[in-house]
Amino acid sequence: MLNYRQLHYFWVVAKTGSIVRACEQLNLTPQTISGQISLFEQTFGIELFRRVGRNLELTEAGRQALPFAEQMFQLGGELELMLRAQPNEQQILFRVGVADVVPKSIVYRLIAPTMELSEPLRISCREDKLERLLADLAIQRLDLVISDSPMPSHLDIKGYSQKLGECGISFFATKALAAQYGEDFPRSLHGAPLLIPGPETVVRSRLQRWFAEQQIQPRIVGEFDDSALMQAFGQSGSGIFIGPSVIADEVQRQCGVELIGQTDAVTESFYAISVERKVKHPGIVAIAEGARRELFTD
């Protein structure tokens, strides 16, 4: 049977990078830690570390074991927090996974209604690639995944998609770029420096089709999976960038940029994916109702 104490010693040494630093964190002697790790290695007939000079490096077996240990002790920390909570102070844990292609402002505005519920929620929000988030949803490590696409049909994972809303896209630029390319939209985009979402986003292909239909060929100067990073480059004047029209006012205010045009021919959609066909979690209900009532009012 797996010895979790020995696994914990391995995890701490791997995270801190040395037995000396692990001793300081665990308040144990080097002999205790190295001895227990050696017993752990002997149990499975493997080596987890190799010594390189004065340093320890993970072996291939150690590198493969580390992510599992990470997940186990992260869950252990969450379990400890839950068990230590007093009965009258317990909160409902709401674990939300966010696909890394969804704009952060949209995520905040979708989740914000959960902060106003009479039932206290403790939100745990994690950003990652959609398929990894859906894998965690399948084993109930997440309650909800927010994405720009519904549940992919090719994945053998039980999940149900609820469309939260959709909106057109807007084009933003600094004052200097807006003065140069703001007239005669969208024809003014032909040859203009453009920052676009990465190929993993749904809106990317829709945007490219629209450009082809309009016979517009902008000069692509950057591609970004992270919308916040794309905005940072746009704010610096590197190029024109896009964003959901529903947050156009917010983007202009926060980034100090100007709106040069909008189109509803290209839309961005947002979905809540959960394992429940009939949603009962108060956090998911609040997100769905808030999206329809306040964010995607059209």
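Q: How is accessibility to be read at Gln-140: does this residue count as buried or exposed?
A: A residue is buried under 20% relative accessible area, exposed over 50%, and partly exposed in between, with a 1.4 Å probe and protein chains only. Gln-140 has 55% relative accessibility, so it counts as exposed. The model is predicted: local features need pLDDT of at least 70 and side-chain atom pairs count only at pLDDT 80 or more, while totals for chains, interfaces and linings use all residues. Residues are numbered from 1 along each chain as its sequence is written, and side-chain values use heavy atoms, with hydrogens and water left out.

Q: Where is Gln-140 found?
A: Helices (H or I, at least four residues) and strands (E, at least two) are DSSP runs, numbered from the N terminus. Gln-140 is found in the loop between helix H6 (130–138) and strand S5 (144–147). Its phi is positive, about 65 degrees, although Gln-140 is not a glycine.

Q: Why is strand S7 described as largely enclosed by the rest of the structure?
A: Strand S7 covers residues 193–197, and five of these five residues are buried, so the strand is largely enclosed by the rest of the structure.

Q: With which strands does S7 pair, and in what sense?
A: Two strands pair if DSSP finds at least two bridges between them. S7 is joined by five bridges to strand S8 (residues 219–224), and the two run parallel. Within that pairing, Ile-196 has Glu-223 of S8 as its bridge partner. S7 also pairs with strand S9 (residues 240–244), in the parallel sense and over two bridges; here Leu-194 stands opposite Ile-240.

Q: What is the handedness of the β-α-β unit that S7 and S8 make with helix H8?
A: A crossover is right-handed if, with the strands pointing away from the viewer, the path from the first strand over the helix to the second runs clockwise. S7, helix H8 (residues 202–214) and S8 make such a right-handed unit.

Q: How many bridges join S6 to S10, and how many join S6 to S9?
A: Strand S6 (residues 160–173) is joined to strand S10 (residues 258–274) by 13 bridges, and this pair runs antiparallel. Cys-167 stands opposite Glu-268 of S10. Between S6 and S9 there are four bridges, again with the strands antiparallel, and Ile-169 stands opposite Pro-244 of S9.

Q: What do S1 and S2 form?
A: They form a hairpin with two residues between the strands, and Gly-53 in the turn has a positive phi of about 65 degrees. Strand S1 (residues 49–52) and strand S2 (residues 55–58) run antiparallel and are joined by four bridges. Phe-49 has Leu-58 as its bridge partner in S2.

Q: How many cavities of 30 Å³ or more does a search of the whole structure find?
A: Rolling a probe the size of a water molecule over the atoms shows where empty space is left. On a 1 Å grid over the protein atoms alone, a cavity is a set of points where a 1.4 Å probe fits but cannot get out, and lining residues have an atom within 4 Å of a point. Grid points are joined across faces, edges and corners, and a volume is the space filled by probe spheres set on the points. The search finds one cavity of 30 Å³ or more. The largest cavity has a volume of about 130 Å³.

Q: Which residues line the largest cavity?
A: The lining has 16 residues, and Val-101, Pro-103, Ser-227, Met-230 and Glu-268 lie nearest the centre. Helix H9 (227–235) and S9 each supply at least two of the lining residues. For classes, Ala, Val, Leu, Ile, Met, Phe, Trp, Tyr, Cys and Pro count as nonpolar, Asp, Glu, Lys and Arg as charged, and the others, Gly among them, as polar. The lining has nine nonpolar, four polar and three charged residues.

Q: Into which domains is the protein divided?
A: Domain bounds come from an automatic or database domain assignment. The division gives domain 1 (4–84) and domain 2 (92–297). Their centres, taken over C-alpha atoms, are separated by 39 Å.

Technical notes: On a 1 Å grid over the protein atoms alone, a cavity is a set of points where a 1.4 Å probe fits but cannot get out, and a pocket is an open set with protein on both sides within 12 Å along at least five of seven lines; lining residues have an atom within 4 Å of a point.
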